[in-house]
Amino acid sequence: MDNSEFFVGLDIGTNSIKVVVAESSDDRLSVVGVGSERSEGVSRGVIVDIDKAAGAIKKAIKKAETQANITIRNVVVGISANMLQIEKCQGMIAVGSQSKEINENDVRQVMLAAMVQNLPSEREVVSLIPKQFSVDGFTNIRDPRGMIGVRLEMTGIIYTAPKTIVHNTKKAIQKAGLNIIHKVISPMALSQVVLNDGESDFGAVIIDMGAGQTTASVVHDHNLKLSTVDFEGGDYVTHDISVVLNTTVENANQLKLYYGNASADKSETEENINVEVVGKSEPTMISEEYLAEIIEARLNQIFTRLQAPLEEAGALSLPGGIVLTGGVAATPNIEDLARKIFDVKVRSYVPTQMGMRYPSYSLGLGLVTYASRLNDIGVIADNVVNGATVSNSRPQPTVPEPQPEQPVDTTQEDQPTEEETPEPKEKKTSKFKDFWSRFFD
């Protein structure tokens with residue numbers, strides 16, 4: 001293990017908490033352990049009871065430790081995109097009165113200068129993404145360390161979230177006995193695995209369909225440009241089934257998982273299902289088509305509400321189309337329903353690693369992939385955001401014990417590059433022009 005390190009992704013979802021342990025060695029990422037536990041103290045992707053959430057996190061971590069045969073101390077955690085704000089930032093510092101070599105402390109200082117802005121007291125910076133540096137007017141520099149100059153400038157993107165969301169997440173993880181090495185906006189982590197390099201570059205929409213909410217995010221030029229949240233998800237589908245069929249929530253959830261379909265037209269009309277009805281001794285028979293009508297109605301509402309902000313932003317014209325992921329994305333024929341509503345190309349993403357071949361594991365895999373791909377400048381930026389001192393070495397997310405016997409599958413994708421991309425065709429509406437000029441220049 002001389003040239004390897006471990007990363008642990010922690011996905012705190014509404015219905016379940018998932019932990020993904022991966023080993024990075026020689027530019028290869030191998031998943032060596034997975035843990036999952038039913039969520040407690042979480043509502044619509046946000047922690048509302050810190051103690052209960054901490055207990056569930058501990059259980060999920062313990063399962064992952066057992067499978068990966070390591071002791072977990074540090075994690076990479078996803079922060080939901082609820083009330084996310086995205087802003088450009090710029091900072092400048094004087095390196096010295098005379099030319100001197102730029103070091104890590106100078107880079108840290110210019111990042112701090114870029115973060116100085118009048119943030120509302122209820123908001124907190126989650127991520128800082130440096131786009132480029134300038135040294136004495138020379139631009140498009142990715143890493144200025146070691147260069148000679150008098151003036152250092154940086155432009156980048158700042159992602160901020162409500163302090164309550166970030167604080168509750170950090171507190172629950174601390175109570176679980178863990179340290180956070182990276183906080184990542186969830187759609188940013190998802191983009192690392194659900195999109196290919198071309199989609200991330202030229203633009204695509206990720207729709208993450210969770211139990212408590214559905215998040216639509218626009219990625220362009222390898223950066224998150226827009227995120228909108230609809231506060232309905234798979235739990236609302238379950239609730240509809242329960243109410244319409246007069247059955248318990250548990251029964252409704254089983255019906256959704258085993259017989260659910262997002263398209264009534266493509267479901268079986270003659271296949272009947274036994275449904276235990278509250279207050280009746282004998283089960284009621286319904287068709288799969290009827291069950292599909294209930295599911296389709298709710299999913300149709302969710303997609304239709306997301307359509308408006310995406311159309312207003314011009315995001316549905318991006319060449320990458322839409323990629324569905326998250327637990328609800330496993331519903332049969334959901335791609336057809338999305339194509340019908342959004343009128344763009346649609347595909348689903350499911351992790352291929354053994355033991356996690358289900359779309360609900362996409363975020364956990366994205367978190368470890370994001371962390372493994374961070375370069376030195378990205379690590380420094382995270383340290384600045386977290387108020388830590390810049391170090392020359394990357395933090396080790398786990399303390400390895402004996403080497404895992406058989407790593408599960410490997411994932412290897414090309415490192416995203418930040419290149420200038422051709423401008424997509426201009427829309428006629430002024431709203432799209434405004435959005436394009438703000439985000440896609």
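**Terms and values in a predicted model**

Q: Why does Leu316 count as buried?
A: Leu316 has a relative accessibility of 14%. Buried means under 20%, so Leu316 is classed as buried. The structure is a predicted model.

Q: Where is Leu316 found, and with which residues is Leu316 in contact, leaving aside its neighbours within four places in sequence?
A: Leu316 belongs to the loop between α8 and β20 (322–325). With those neighbours left aside, the contacts of Leu316 are Gln307, Leu310, Glu311, Ile322, Phe342 and Val344. The C-alpha atoms of Leu316 and Val218 are 9.3 Å from each other, although 98 residues separate the two along the chain.

Q: What makes Phe303 and Phe342 a pair, and why is the pair called edge-to-face?
A: The ring centres of Phe303 and Phe342 are 5.4 Å apart, and rings pair if their centres lie within 6.5 Å. Their planes stand at 65 degrees, and an angle over 60 degrees counts as edge-to-face, so the pair takes that name. A search of the whole structure finds one aromatic pair.

Q: What makes this a pair that links distant parts of the chain?
A: Phe303 is in helix α8 (residues 288–313), whereas Phe342 is in helix α9 (residues 334–342), and the two are 39 residues apart.

Q: Are Phe303 and Phe342 buried or exposed?
A: Phe303 has 0% relative accessibility and therefore counts as buried. Phe342 has 3% and therefore counts as buried, the limit being under 20%.

Q: What shows that the charged end of Lys18 sits over the ring of Tyr361?
A: The charged end of Lys18 is 5.7 Å from the centre of the Tyr361 ring, and the distance cut-off is within 6 Å. Lys18 is accordingly listed as sitting over that ring.

Q: Which residues in α2 and α11 meet?
A: From α2 come Glu104, Val107, Arg108, Met111, Leu112 and Met115, and these meet Ile377, Ile380, Ala381, Val384 and Val385 in α11.

Q: What is the phi of Asp221 and of Asp343?
A: Most residues other than glycine have a negative phi. Asp221, which is not a glycine, has a positive phi of about 55 degrees. Asp343 is not a glycine either, and its phi is positive at about 60 degrees.

Q: Where are Asp221 and Asp343, and is each buried or exposed?
A: Asp221 lies in the loop between β16 (214–220) and β17 (223–230). Its relative accessible area is 14%, which is under 20%, so Asp221 is buried. Asp343 lies in the loop between α9 and β21 (346–348). Its relative accessible area is 68%, which is over 50%, so Asp343 is exposed.

Q: Why is Ser242 called buried?
A: Ser242 has a relative accessible area of 12%, against a limit of under 20%, and is therefore buried. Ser242 is placed in helix α6 (residues 234–245). Leaving aside neighbours within four places in sequence, Ser242 is in contact with Thr247, Thr248, Val249 and Ala252.

Methods:
Residues are numbered from 1 along each chain as its sequence is written. This is a predicted model: local features need pLDDT of at least 70, side-chain atom pairs count only at pLDDT 80 or more; totals for chains, interfaces and linings use all residues. Side-chain values use heavy atoms; hydrogens and water are left out. Rings of Phe, Tyr and Trp (its six-membered ring) pair if their centres lie within 6.5 Å; planes under 30 degrees apart count as stacked, over 60 as edge-to-face and the rest as tilted. Helices (H or I, at least four residues) and strands (E, at least two) are DSSP runs, numbered from the N terminus. Buried means under 20% relative accessible area, exposed over 50%, partly exposed in between (1.4 Å probe, protein chains only). A charge sits over a ring if NZ of Lys or CZ of Arg is within 6 Å of the ring centre and within 35 degrees of the ring normal. Contact means heavy atoms within 4.5 Å.
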